[in-house]
Amino acid sequence: MKFSRDEKKHPEINVTPLIDIVFILLIFLMVSTSFNFTNSIDVNLPAAKGDEKPLVENIRIVMTKDGVVTVNDNAVQITGVESLLEEFKKTAPDATVIIEADKEVSHGNVVTVMDASRKAGYTKFAIAVEEQE
């Protein structure tokens with residue numbers, strides 16, 4: 001008498017339902033995640049973290065807490081910023097005005113310098129800040 005041999009069947013795991021569940025969980029987590037957008041400049045401490053963009057042309061205005069204003073290393077009174085920027089406009093019409101103001105400089109003085117820059121014809125501004133760690 002001859003017995004039939006049953007071949008051992010290897011168990012198989014169907015992973016298709018597992019992949020479906022993983023994708024559904026992934027989609028649920030992506031949709032339910034809340035994104036927190038914060039300002040890049042802190043009002044109390046002028047610091048920011050971001051990409052550094054190389055500036056080809058720029059005009060650097062430095063304002064100290066003592067009231068000293070320099071435009072490209074030329075010391076001027078705050079009232080003379082506009083006339084000096086008008087001179088720079090002739091040689092660098094597309095320059096970016098970078099304002100480096102100490103955090104203790106009054107907001108009004110910074111706005112005055114920005115307004116003088118706009119009156120001189122400049123439209124691109126940047127405010128320099130310290131990089132956050």
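Author: Happy to; we can go through the overall layout, the sheet, the core and then a helix. Keep in mind that this is a predicted model.

Reader: Thanks! How many helices and strands does the chain have?

Author: The secondary structure comes to three helices and seven strands. Along the sequence they follow the pattern α-β-β-β-β-α-β-α-β-β.

Reader: And what share of the residues counts as buried?

Author: Of the chain's 133 residues, 20% count as buried. As for contacts between residues at least 6 apart in sequence, 68% of them join residues at least 24 apart.

Reader: Okay, on to the sheet. What is the strand order?

Author: It runs β4-β3-β2-β5-β6, an open sheet of five strands with mixed pairing. The edges are β4 (74–76) and β6 (125–127), each of which pairs on one side only. On average, neighbouring strands are turned by 25° against each other, ignoring direction.

Reader: How do β5 and β6 pair, parallel or antiparallel?

Author: Parallel, over three bridges, with β5 covering residues 96–101.

Reader: Found it. Which strands does helix α2 touch?

Author: Helix α2 (residues 81–91) packs on the sheet and touches β2 (58–63), β3 (69–71) and β4. The direction of α2 makes about 10° with that of β3.

Reader: Nice. Which residues touch the most other members in the largest nonpolar core?

Author: That core has 19 residues, and the ones touching the most other members are Ile61, Met63, Val71, Val81, Leu85 and Tyr122. Two or more residues each come from β2, β3, α2, β5 and α3. The largest share, four residues, is from α2.

Reader: What is Val71 in contact with?

Author: Setting aside neighbours within four places in sequence, Val71 contacts Ile59, Arg60, Ile61, Val76, Val81, Leu84, Leu85 and Phe88.

Reader: Now α3. How many residues does it have, and what distance does it reach?

Author: α3 has 13 residues and reaches 18 Å from its first C-alpha to its last, close to the 18 Å expected at 1.5 Å a residue.

Reader: Which of its residues are buried?

Author: Val110, Val113, Ala116 and Ser117 are buried in α3. Looking down the helix axis, the buried residues fall within an arc of 120°, so they line one face. His107, Arg118 and Lys119 are exposed on the other side of α3.

Reader: What covers the buried residues of α3?

Author: The cover includes β2, α2, β5 and β6.

Reader: Last one: which residue with a positive phi follows α3?

Author: That would be Gly121, with phi near 110°.

Key. Residues numbered from 1 in each chain as written. Predicted model: local features only at pLDDT ≥ 70, side-chain atom pairs only at ≥ 80, totals over all residues. Heavy atoms only, no water. Pairing = 2+ DSSP bridges. Axes fitted to C-alpha atoms, helices over the stretch in contact; angles between N-to-C directions. Contact = heavy atoms within 4.5 Å. Core = buried A, V, L, I, M, F, W, Y, C linked by side-chain atoms within 4.5 Å. Buried < 20%, exposed > 50% of the residue type's maximum accessible area, 1.4 Å probe, protein only. Expected span 1.5 Å × (residues − 1). Arc of directions from axis to C-beta.
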